[in-house]
Amino acid sequence: MEPLSSFFAVSVILLGIGIYGLTTKRNAIRILFSVELIYNAANLNIIAFARLRSPPLVTGQVLVLFTIALAAMEAAVGLSIIILVSRLNAEIDLSKLSKLKG
Amino acid sequence: MATSLLAWLIWITPLVGALLTPLIAKIHSRVRDIAAVGFTLVAAVLATMTALTVSAGDYTVAWIPSLTITAGVLVDPLSLFMANIVAWISLVIMIYSVGYMKGEFGMTRYWFFMNLFIGNMLLLVLADNLLMMFFGWEGVGLCSYALIGHFYRDEAQYWVGSPGDKALGVSEEYSPTKSGMKAFIMTRIGDVALLISIFLIYAFARTFNYNQLVIELGGAGSWAANLARLGLLLPTALLFFGGPIGKSAQFPLQEWLPDAMTGPASVSALIHAATMVKAGVFLTGRMGPVFFIALSQFNQVPQFFGVIAWIGAFTALLAASQAAVAREIKKVLAYSTVSQIGYMMLALGVAGLSANFLAGYTAGLFHLLSHAVFKASLFLAAGWVLHVTESRFMDEMGGLARAMRLTSASMLLAGLSLMGIPPFSGFWTKDAILSVSFLGGQYILYGLALATAFITGFYTVRMLGITLAGKPSKHAEDLTESGKHPHEAGFMMLMPYLLLAVGSLGLGLAYPFYSGPLTTYIASTFSSALYKFPAATISTSGLTDLLLLSVSTLVAVTGGIVGYLLYFKKTYEFKTDMNPIQRFLYKRWYLDAIYYKVFVSGILAASRGLFTYVEQGIWNRLNNAFAQDIMDYSKASDQLDTQVVDRAANEVASYGSRLSNFLRKLQSGVTEQYVIAFAIGIILLLAYMLFVVGAT
Amino acid sequence: MIGLLSIAIFLPAVLAAPTYLLGRKNAKVAKILGLGTTAIVFVISIMILVVFQYGQAGFQLSESIPWAGSFGLNYKVGIDGISLPLLMIATFLSLLSAAGSWDQITFRHAEYYALFLIFETGIIGVFTSLNLILFYLFWEIVLIPMFFFIGIWGGPRRRYASLKFLIFTYSGSAVMLFGFLALYAWTGTSAYPGGPSFDYDVLAARIPNLALPLQLVVAITTFVGFAVKLPIFPLHTWLPDAHVEAPAPVSVLLAGLLLKMGGYGLIRYNLLLFPKAVNVLWPYFTTIGLITMIYGASVALVAKDIKRMIALTSVNHMGYVLLGAFTATVAGVSGAVFQMFSHGLAVGMLFLMSGYIHDHTGTRNIDELKGLRGKMPQTVTLLFLASMAAMAVPGFANFISEYLVIQGALSVSYLFAIAIVAPALTVGYFLWMLRRVAMTPGVGPKNELRLHSILILVAFLVPLLIFGVYPPPILGSVITPTVEKWIGTIVALGAR
Amino acid sequence: MALLSLTPFLSLAVFGLLATPAGFLRFRNSKLGLAPFVSILGLAVAMVSTVWLGFTSSSPVSFGGLQIDSFTLFFSGVLLIVAMFVAVASLQYMRDDPNKGPFFGLLLLSTLGMIVLAASMDLILLYVGWELMSIPTYALTAFRKNDPNSNEAAMKFFVLSALSSALIVYAISLVFGITGSTGLTAIASALSTAGPDVRPFGVLAIVLFIVGFGVKMAVVPFHMWIPDAFEGAPVTIGAFLAAGAKMAAFAAAFRVFIVGILPFNVDFYSTFAIVAVVTMTMGNVAALMQKSFTRLLAYSSIAQAGYVLMALATPFTTTNVPLGLAGGLFHVLNYAILKTAAFVAAAAIATKLSVRDLDSLNGLSRRMPQTSLSIAVIFLGLAGVPPLNGFFSKVMLFTGAIYSPYSWGGYLALAALINSGFSMSYYGWVIKRMYFDEPSDQSRIPEPRIYMAVLWAATILIFAIGLYPDPWIRLVLSAAAALH
Amino acid sequence: MTDLLFLAFAAVTIGAAILAIEARDLVYGAAALGIAFLGVAGLFFLLDAAYVGWFQIAVYIGAVVVLILFTVMLVGPKMGETPLGLKRVSLLAAILVSLLLGMTGALANATAFPGPDSCGSGCSLTLLSTSLLKSYGVQLEFMSLVMAAAVIGALALSKTDRGQ
């Protein structure tokens, strides 16, 4: 089996892509993508950590089940907010959503 | 104890009287006047009774316990001598005031301050310690200030100085309020020196009490020794003398007294001739012996007493020279007072310089007595003359002798006494001073004093000649034409100065009889074993005495003759174009102007600078700027604040609001920028944890 | 058991609520309740005066109730010879100021008197509390009513002045609080059995064992807090603004009492708690005091507004307190305490008078006040007397106090002879003011104060004169024994 | 019976679920409907049971990862007060909203999530609680559906909050990786023996936890959503976010750091100290120039977060007394009351004046005297003026800092005190506006009774806690001890 | 074998993730995101977490991606995205991310990882289900409440109110 460092590397790269997306993208939905990628990175980490230790732990899988479910629910509410925003505003471009400031 | 209460009451009575005056004034103005005189009378009687019944001693009560300071009344020959002079002359002048001040406004205030003054003066004289003395000292200064400015409405008739008088561009005209303030501040300079000295003495002696100070003099561990060890004894003594210099108007603080003539004549007579200005002489007399003993242990006597003597002699000459050209009658008298006090100081100074301390000492005090009498008389008479002629300038008088015989006679008597013509009291006492300086070997001082005597003769005759003799001036004639004939004063006013003038003659006639006993009496002040004065008496031959007497008389008479020749025959006219010497003297040697330029203008300029550049310029701005910026922002809603607030924003302090604004603008509302900040935050935290805290 | 002190402290605050509620409908009720309460408190303070045992050095009438004991906080009050004069002047000036407010406050009476009573609670509390946090609590309570006094009832620049006042003093007290908390923490270590505490007596016993650097830190930080209130030279700029804008009765409180809080704190907390630190710091503190004295006097010399001038004299006079306190001599400290007492009365009178004059003439500009004598002869006489007191003319209590301070300073170092410049300058600016205001020919019709106003002003004078001539009742049997004891203690512990 | 300890949770869950359907029922023809009363009843039951539990239960009770100890009860009390105030104020504020059922339902569920956060001794539960708290607040922030500001606020809030949730999960993953457990006690024991090789992961986890919690705690620089969200959200929800969500995040942080990570030999204290100073300074400085009342409140709440952070920087004294921690908890209580009340006052102003500009506050004392008075009291409390409640918690916090074993403790306290002094400039400025400035419109404005009830209740609490702090200090000390 | 599979899954995941972020069309992006989720699920399979893998596919692809697609459809015409005005921002982002990655990499390098072990009972589904229901019952309860809340919230937000 691959060593933990490989999985960790994938996880960190996913985290990086997520943060990159967050910082450079302006579309709300795409920002949601980025957040989901970070979740996946974390989940991958957990599973890998749980499996690649002696003895392997089942708790990791339980944790990931929770995070997957909760992230999905969060995404659901987030998407409904996006829909709401799109109703009143011309677009869901976050850089245009800057009436509240300073 | 019961009898010592008499001594306490001497100074308490007039003080209480002063406080009661406003209340009594509510009853009737007449009652008020009588009561005011009455309080003084009680004080005078008490003073005499004390002298007769109370045994010498120091009567004390607790006062400031944290420093074990007591309050007390010191009954000894010196204090009683002074107290009696002060109280009785005050009484005479108070009586004069009843007539003189009739119908003037602010009489309640006048009586209040007069009695307050008398009370404080008596306190000054009777106090048994320096601190209480200082109370009185400040009190008389304050009353003087108030009374000089009595005519605070500043009507031109009460000013001093000829219209347009200027020296070095500084106006030499003084209104009552201005001169009052000048007097207070100038004397205050001396007071500061005095206060420092008192503190220094206290710091080492741990007492203010005169007797204690003397008792603790002896030995190596005494306060004087400790002061001397630090080299502070002589400075302390000299600083102490600063007080007398200021109060008694000696050089270099003599300039306030001539201008103090803006006060009513009675005030001038009481405060600026007879009593307060003598406080300096008294204090020197009080502490002089103490310093003498103290300094003699360290051979520093000549330095201190030399200063006194030289200042006295120089002031005498300086003031006399100014009196010789003065235009206003009261100013002549004021200069003369300064000059005569200079004599007294000279005497006290020479006392320390010569072998026989007591001779000089008593000469000074005797001159104090005789001067008090004749100068009070002169002032009071001058007051009447001023009143009658409605002018303060001598050149607007003239020929008064015909209409006012008694006044003229009394002025003549007192004037002769001032000149030092035998057998008037002034002759004896001035001669005593001259002879102690001569016999003490101080020939230069003697020369100065002799010169002064010459000028004194001159200016006295000049004054009498211009005012009393000759023809009436144009001003006087105008007055007569308008129906205001010069006339004699009423009894209540005439009596006081006539009495004093005659008294001056009487004192002179009786001098040979009482001088011996009185000397002994005053000398008994120093009966304590502590006063180890040089015992040597100056042995003089009768011939020397006679010679000295003749010389001084001759000099005074010569001066008088010069004056007579110049002023008795001609009508005097005041001319603005004077020869250089006259101008120099008339402008008061330019001392006043220089003082003003240096101190008043200088200090004001400095203060203003401090205010403008430091207070407003730096601190206010620095501190304001922060609040300032808040206000700037609020201008939309609050115009007023911004308009009032100084708009100069300070760079340093406005950082706060600028930063705040910067942070506010940083909040751009754009989410992606928030995320960038977020990412930067993570990096910084991680970096800190890794590199500073250390991950491994 | 609630003692006299607690009653004196809390009675005003308790009565503030009815004053506000009942006074809202009828201004007169507010006035009567406000004035009545201050009168009652004054009577209570007289009772305290009766009960007080003279000549004793320790704290008396002490009360101690656990308040937040879990945190070392106790409600602890008591008075000694240092606080008694200040307590008396607090109740007395409050009474007079409330009486002076009768005419001079013309709107929003209910709020005014309610705040006034809260202020009185605060000020009495400051002078009596013996627990650091309790002290701080009262200290801050004083701030808020004052902020409103200036901001609502003040002059044209009131908003600016009130905010400046608030920010300055609050920042100062924040720094001071640091000192208090540090004291709690540093004397709460296991080296000191009994757990951490804010109690004054406990701390006084512990601090001598505290290391010098720590003492220095606490001494300096608390000094900042007190110095802003006092105020000292570079931190004084809030004062002229606050005084000028505040209504006259409030200026009385401000100058008469609020500044004294700083002085009291300096003596009670800064001087007496840190003997070792004082030993290091006194030259600096006294020098600051000296600078403050001279600076205040110099700036007052050119002030055009009479109120501003009086305000700046406070800076001048409070410099004496600082100088006297840190000489750490019996004379200096007694003088400082006595100076607070006498200055409170003198400057209070001056401020109240400036308010009356302003009401009657419509101006406070010294140059415009020329000829006042014609309009208000009695007032001018009183102005004379008050100025004499402030000038420290012998016979007024101020002379004794200023004298004692200078005496104390000179006994420490002869360099302090410079201090004598200050009284000379003081006389200068007062006389100059008097010359322009009082010594000029009277103009205009007579417009004299009413009798009760004059009586209020005279009431200030009475104690000034009595204690000026015969100070032993206050100096000898109250202040000095306490000061002697404390000075003895701290000198033994290393203060100079 | 141990199950009784769950009453607060159960009542919030049950009533929270009931509230939504109850929203469809009318109550005596009133426009309000039944939902608000159901939810207030639920909150009351939870509150009463919490207080009752506080007085009766002595030893901590555990259910799975749920631990009911005095820390939990303390936080549940605080959060319930906040929720109660918010709910009551919302009676007025949401009067015309047709969706009261979901609103109050979500409010209760979110409150439940907050309490779960405070009670969780297990990271999975912590995460569940975190989401239970967050998800309803996203919806609540967007609740003014036709208000673009509300939408925008919700959007920003959601984006950053979701990011923070993701980072927390990532942090949990790392901690799990190191320790192989999600229970905090197990984590603590594992970390105490952790070798140097896992330290880097631990450090990364700590950073991510700080960031994740920091978003809700308003730690600079993760605070930037806060002013926007508070301004855009319905004002009562602003209060809920500022006082409830933030304090719950602190509860989570206390649990994780004090219980879980404390034994780990990494000096995170100085990190927190720096973060605390930066946060309070930034909050105070930025508040100075704000033009809107709610934004000013937002920045002041950021500054207050800085003070509470000191509890994490210096939790224990040299004598190992949790003084700083207790001070932090006390400040949580005081801050929650003060800030909720401040937002309710803002709501009162916003409903009546329909502007949130600070200029509208000019001369408010004459137009809305009760509101102005309570704002003045609240602001003085926030500034830490005695004898108001904020003073004592600050004193404890600052003392704790000086008293801590770290050499920088004194500097931290001094920085905090200077900040505290500085903060008076904008608090005083607002008071000045209300009391000293002239209003452009003199007319008296009627003050809604419901808001006034909340404001007076808060004012009384502010004074009561300030005047007699002893029981509260004891309470926070025992709560702090429960953590340790 | 597993090496190859790992590499494949990892490559698919990372590539799809980048595509999801960078694809111009959001529908493609959503599809790419789904593929990335699939890749992660594959990695889960590799790590003997089959149940979690299936759960991932069900929830992420079955629910999340579908929701996203729906949203994209609904919002559809307003999907425009202003391009970054400044290249510098993306440069900054790249620098930030690489810094983050570098630091994390440095962290990871310093850490010794435990070696793989046989799975044994640790991977059994029974254990998972029992521990989920028994040990984490409370968590599960609360998660159901989160679901309820999410549903209520989503409904309340998407519901069109009368008269509006």
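In which helix is B:Asn115 found? The points below take up this residue and then the interface of chain A and chain D.

1. The model is predicted. B:Asn115 lies in helix α4 of chain B, which covers residues 107-126.

2. Is B:Asn115 buried or exposed? B:Asn115 counts as buried because its relative accessibility is 0%, and the cut-off for buried is under 20%.

3. Which residues does B:Asn115 touch, once neighbours within four places in sequence are left aside? The contacts of B:Asn115 are B:Pro14, B:Leu15, B:Ala18, B:Thr21, B:Ala36, B:Phe39, B:Thr40 and B:Met94.

4. Turning to chain A and chain D, 45 residues of chain A are in contact with 42 residues of chain D. The two chains bury about 3,700 Å² between them, and carbon and sulfur atoms account for 78% of that area.

5. How many salt bridges are counted between chain A and chain D? The count is zero. Polar contacts are found across this interface: seven residue pairs, with both residues at pLDDT 80 or more.

6. On the side of chain A that touches chain D, the elements giving two or more residues are α1 (4-24), α2 (28-51) and α3 (59-88) of chain A. Of these, α3(A) supplies the largest share, with 18 residues.

7. By residue type, the side of chain A that touches chain D divides into 31 nonpolar, nine polar and five charged residues.

Notes. Residues are numbered from 1 along each chain as its sequence is written. Chains are lettered from A and ligands numbered from 1 in the order in which they are written. This is a predicted model: local features need pLDDT of at least 70, side-chain atom pairs count only at pLDDT 80 or more; totals for chains, interfaces and linings use all residues. Side-chain values use heavy atoms; hydrogens and water are left out. Contact means heavy atoms within 4.5 Å. Buried area is the accessible area (1.4 Å probe) that two parts lose on being put together, summed over both. A salt bridge is a side-chain nitrogen of Lys or Arg within 4 Å of a carboxyl oxygen of Asp or Glu. A polar contact is a pair of N or O atoms within 3.5 Å; within protein, one must be able to donate a hydrogen and the other to accept it, and residues adjacent in sequence count only if both atoms are side-chain atoms. Helices (H or I, at least four residues) and strands (E, at least two) are DSSP runs, numbered from the N terminus. Ala, Val, Leu, Ile, Met, Phe, Trp, Tyr, Cys and Pro count as nonpolar, Asp, Glu, Lys and Arg as charged, and the others, Gly among them, as polar. Buried means under 20% relative accessible area, exposed over 50%, partly exposed in between (1.4 Å probe, protein chains only).
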